[in-house]
Amino acid sequence: MSPVFPMLTVLSMFYYMCLRRRARTATRGEMNSRRAIESNTRALPINVEIVQYAKEVLDFSSHYGSENSMSYTMWNLAGIPNVYPSSGDFTQTAVFRTYGTWWDHCPSARLPFKRTPTSFCSQDYVELAFEEQVYPTAVHILETYHPGAVVRILACSANPYSQNPPAEVRWEILWSEAPTKVNGPQARQFTPCIKQINFPTNLIRLEVNSSLLDYYTELDAVVLHGVKEKPVLSLKTSMIDMTDIDEDEDEEKYGCGMDALNKQFSVVTLREWPTNGYFDKLPYELIQLILSHLTVPDLCRLAQTCKLLYQHCCDPLQYIHLSLQPYWARINDMSLEYLQSRCTLIQWLNLSWTGNRGAISVSGFSRFLKVCGSELVRLELSCGHFLNETCLEVITETCPNLQELNLASCDKIPPQAFNHIAKVGSLKRLILYRTKVEQTALLSILNFCSELQHLSLGSCVMIEDYDLIASMMGAKCKKLRSLDLWRCKNITESGIAELASGCQLLEELDLGWCPTLQSSTGCFANLARKLPNLQKLFLTANRSVCDTDIEELAANCTHLRQLDILGTRMVSPASLRKLLESCKDLSLLDVSFCSQIDNRVVLELNANFPNVFIKKSFTQ
């Protein structure tokens, strides 16, 4: 190989470090003006501490439970503990939808966005309201099973019970840390050392990352300690030397990095540097390549250093893929307005979690898409509670090339609004998890969006006849590769037969908690025979799954990688051995609460098939 390529790599890294240093220099004055002071000791107690449990669950991104039940739902976080200090799998706790990395290794997995700051690793969240506003002194999280998922705790300045909405909503990070592996699934009280903030709060947000867990994390309650009057810092303080910061992690972690984001977006007066240094001598494409490793805030800072780098940082080619989810707390209409000129070529856009509590308006979102939507291929909008029918109409009118649309947990969109999605005939991926989509709209979508490959209808409780939906899928969606029917309440063997006959390319099927499916009808055996490409099959909590079904899977679905048969009473160790011997690629097998599969059997199977993660949950 020619020695030119290693030299180019070294040169690229050198210029990359120079650019980061220059970006720091450009904003050093601003950073020093906000020099942080943290206390080495606790605030001096000047008034009585108030201890309160969460009064209400206001918002969340996902949960394991049903929309019409309390079992395994986020709503269990309101009030006093139900389980703690007991350990184990209990229905009275709050459980998120996923855990581990299994969901990243299945056919429906999505490609990650680049430029996501390393300090942002949150996958799910829940927001809790408390009775009284206090200055927080401690937050206790009661974890009852597989702890360690919480990675961020935030406080909000807005009072959810106030009749007068605030002019400005502020979020402050009380504590943040990368995911860590906790030894053992036992219950614990998690009490991290939190940062002192300068406003009272009764709205706390927990963000979690379950990627390192061996099973679902279960939370029982959250306790907020605080005082009514602003605490006085003790005299023993230490200054954080901002010149020691080499990475932007601390800025992102404590919110400083985005405080002036809108101001940075709108900057027009550039610092007068004598020259552009050696950057004038570099090819335009090489500078673009180096800058592609910077986060959005770094690009905004770097744009203030000189005219050459301003030109590069504002080049629409730097914004082909843009994720604003890590900065959800600070994105508003003004942010979108300033980004418009830079996003005219954008293809992937992630606005998940953004815009809530009035931060993004319908008109602001619409203006942005009318300028920047023509090239959009992927649009992530999960938990976007500002979305309404007008927004969906604008999406379908301004995004003619759209192939992926994520509306997970957008539960404020009215049912009739989903009819507009049928106009986007190019859709290949549609996520409607926990939405209010109705049957008529969904039938229209399936009829006109025949290119669909990935469809999520988990916890869509307003669909009356899933057999009719499955029949339409079998007739129109021949290219379907993954289908999520989690907690579908009324699909029967008839719908499964239509689905299996028409969608024979299916590689992933989630039928977890579908109580109307019975193995005695032959529906699961029929699935195994008709869908030989299956890699993931979830039959969670279906007690009728039996040895015949497992043996059919072993004989026909040899590419199977993930199987969940939690809760069945009719599967024997012998059939599982056949499955494990036949399906060489199997990596996940959940046999929790399978009455014939005890811990002794699990240990034996683990010893004979060490490459398979065999999960056996328990309750004490």
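Contact is taken here to mean heavy atoms within 4.5 Å. The structure is a predicted model, in which local features need pLDDT of at least 70 and side-chain atom pairs count only at pLDDT 80 or more, while totals for chains, interfaces and linings use all residues. Residues are numbered from 1 along each chain as its sequence is written, and side-chain values use heavy atoms, with hydrogens and water left out.

The chain has 17 helices and 23 strands, these being DSSP runs numbered from the N terminus (helices H or I, at least four residues; strands E, at least two). Of the 620 residues in the chain, 56% are buried, that is, under 20% relative accessible area with a 1.4 Å probe and protein chains only. Among contacts in the chain with a separation of 6 or more, 81% are accounted for by residues 24 or more positions apart.

Strands of a sheet pair through backbone hydrogen bonds, either parallel or antiparallel. In this model, 12 strands form an open sheet with parallel pairing, in the order 12-13-14-15-16-17-18-19-20-21-22-23, where two strands pair if DSSP finds at least two bridges between them. Strand 12 (321-323) and strand 23 (613-615) are the edge strands, each pairing on one side only, and the twist from one strand to the next averages 5°.

Helix 14 (residues 523-530) packs against helix 15 (residues 547-556) at an angle of about 0°, with axes 8 Å apart; axes are lines fitted to C-alpha atoms, for helices over the stretch in contact, and angles run from 0 to 180 degrees between N-to-C directions. The two helices are therefore roughly parallel to each other, a term that covers angles under 35 degrees. Phe524, Ala525, Ala528 and Arg529 in helix 14 meet Asp549, Glu552, Leu553 and Asn556 in helix 15, and this contact has 4 nonpolar, 1 polar and 3 charged residues. In this classification, Ala, Val, Leu, Ile, Met, Phe, Trp, Tyr, Cys and Pro count as nonpolar, Asp, Glu, Lys and Arg as charged, and the others, Gly among them, as polar.

Helix 15 also packs with helix 16 (residues 573-582), at an angle of about 10° and with axes 8 Å apart, which makes helix 15 roughly parallel to helix 16. Asp547, Ile550, Glu551, Leu553 and Ala554 in helix 15 meet Ser575, Leu576, Lys578, Leu579 and Ser582 in helix 16, and the residues of this contact divide into 5 nonpolar, 2 polar and 3 charged.

Notes. Parallel < 35°, antiparallel > 145°, perpendicular 65-115°, else oblique. Buried < 20%, exposed > 50% of the residue type's maximum accessible area, 1.4 Å probe, protein only.
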